Amino acid sequence: MWIFTEQELIDSPSRRDGMPRQHVDMYRMRCCEFIEKLGSVFRLPLLSISSGKVFFHRFFAVQSYRTYDAWLIAATCLFLAAKVEEHYMKVVEYTKHYLSHRKRLSQDPKLADGIRPSVPTSPTVEAEIETILFTECIVLHVLAYDLNVVHPYTFVAEVVTTALKVTNTVSEANTKAVKKAAWSFINDTSKSTVCLRFTPREIAAVAVYLAGCYENLWPTDPKAAPWANILNIPEPKIHAAVQLILTTYSRVEHYKNRPLASGIRRLLDTYGIPKATASS
């Protein structure tokens, strides 16, 4: 239910409401960072934070940023994800930190006017608790109470073992390096629509492929080896996933005005990923 085509995401409710693509991208990126920051305050495990981001992406795949307050939805998605993963938080403390972070972001000059959150008109803890609990019902309804999330991390070890064995690069050092790099690819692209385009296993498999390229363990051309058979994914899908994952890095570089690691830059150049611009 939660896998969409590229065209379906391009024709999202937010875009149909006239929101520029760069604002949609920025909402995804900054709200996922918001989820990460709130999660770190309460020391939530990675899976709870990741589930919160998946809920957020799914919500706005079928709803518009012009209809719902993205920052409130992001906070609510994390609150709900923590419950699902059985890491309960006291709603009073959670709401206090949510309001504090939101106020800080409302004064952030780096955020575009179109996405900068406003301060609630009645920013009392009691009022915002009611708002979050009411919004939780909305999120549950939009997600059709489908709270099952399988994360790509689950499949990384299996794919790494297969890839290293087939390419004759098995070693303890390589296993550790590829696993670490694959997890980084998965973490970094969790702020994009990757989870809406591909299954968790497909994301893990392509992350492992890119991790091996990053570590120079195999050629960066997927046609140089039977990767479709190794990963058990059709070649066009591998290509589409690689393009989307690497394009995410290009957009992060543009929006944050921060240079990428040399290894990531090499992959972008190899695959012909252009530098992102305000209109790309």
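**Notes on cavities, pocket and packing**

1. Two cavities of 30 Å³ or more are counted. The model is a predicted one, and every value below is computed from it.

2. The largest cavity has a volume of about 60 Å³. Its lining is made up of Leu-9, Ser-12, Arg-28, His-57, Phe-60, Ala-61, Tyr-65, Thr-193 and Leu-196. Helix α4, residues 46-62, is the biggest contributor to the lining of the largest cavity, giving three residues. By class, the lining of the largest cavity holds five nonpolar residues, three polar and one charged.

3. The second largest cavity has a volume of about 40 Å³. Around it stand Arg-30, Glu-33, Phe-34, Lys-37, Trp-71 and Leu-105. Helix α3 supplies the largest share of the lining of the second largest cavity, four residues. The lining of the second largest cavity divides into three nonpolar and three charged residues, with no polar ones.

4. The largest pocket contains about 540 Å³ of space. The elements that give two or more residues to its lining are α1 (6-10), α3 (21-41) and α13 (235-256). Of the elements, α13 gives the most to the lining of the largest pocket, with seven residues.

5. Which residues lie nearest the centre of the largest pocket? They are Asp-25, Thr-193, Leu-244, Thr-247 and Arg-251, out of 22 lining residues. The lining of the largest pocket comprises nine charged, seven nonpolar and six polar residues.

6. The protein chain is divided into domain 1 (6-143) and domain 2 (152-271). Their centres, taken over C-alpha atoms, are separated by 28 Å. Domain 1 puts 19 residues into the contact, and domain 2 puts in 14 residues.

7. The axes of helix α5 (residues 70-84) and helix α7 (residues 125-142) come within 9 Å and cross at roughly 80°. On the α5 side the contact is made by Leu-72, Ile-73, Thr-76, Cys-77, Phe-79, Leu-80 and Lys-83. On the α7 side it is made by Thr-131, Ile-132, Leu-133, Thr-135, Glu-136, Val-139 and Leu-140. The contact of α5 with α7 has nine nonpolar residues, three polar and two charged.

Methods. Residues numbered from 1 in each chain as written. Predicted model: local features only at pLDDT ≥ 70, side-chain atom pairs only at ≥ 80, totals over all residues. Heavy atoms only, no water. 1 Å grid on protein atoms, 1.4 Å probe; cavity = no way out; pocket = protein on both sides within 12 Å on 5 of 7 lines; lining within 4 Å. Points joined across faces, edges and corners; volume = space filled by probe spheres on them. Nonpolar A, V, L, I, M, F, W, Y, C, P; charged D, E, K, R; others polar. Axes fitted to C-alpha atoms, helices over the stretch in contact; angles between N-to-C directions. Contact = heavy atoms within 4.5 Å. Domains from an automatic or database assignment.
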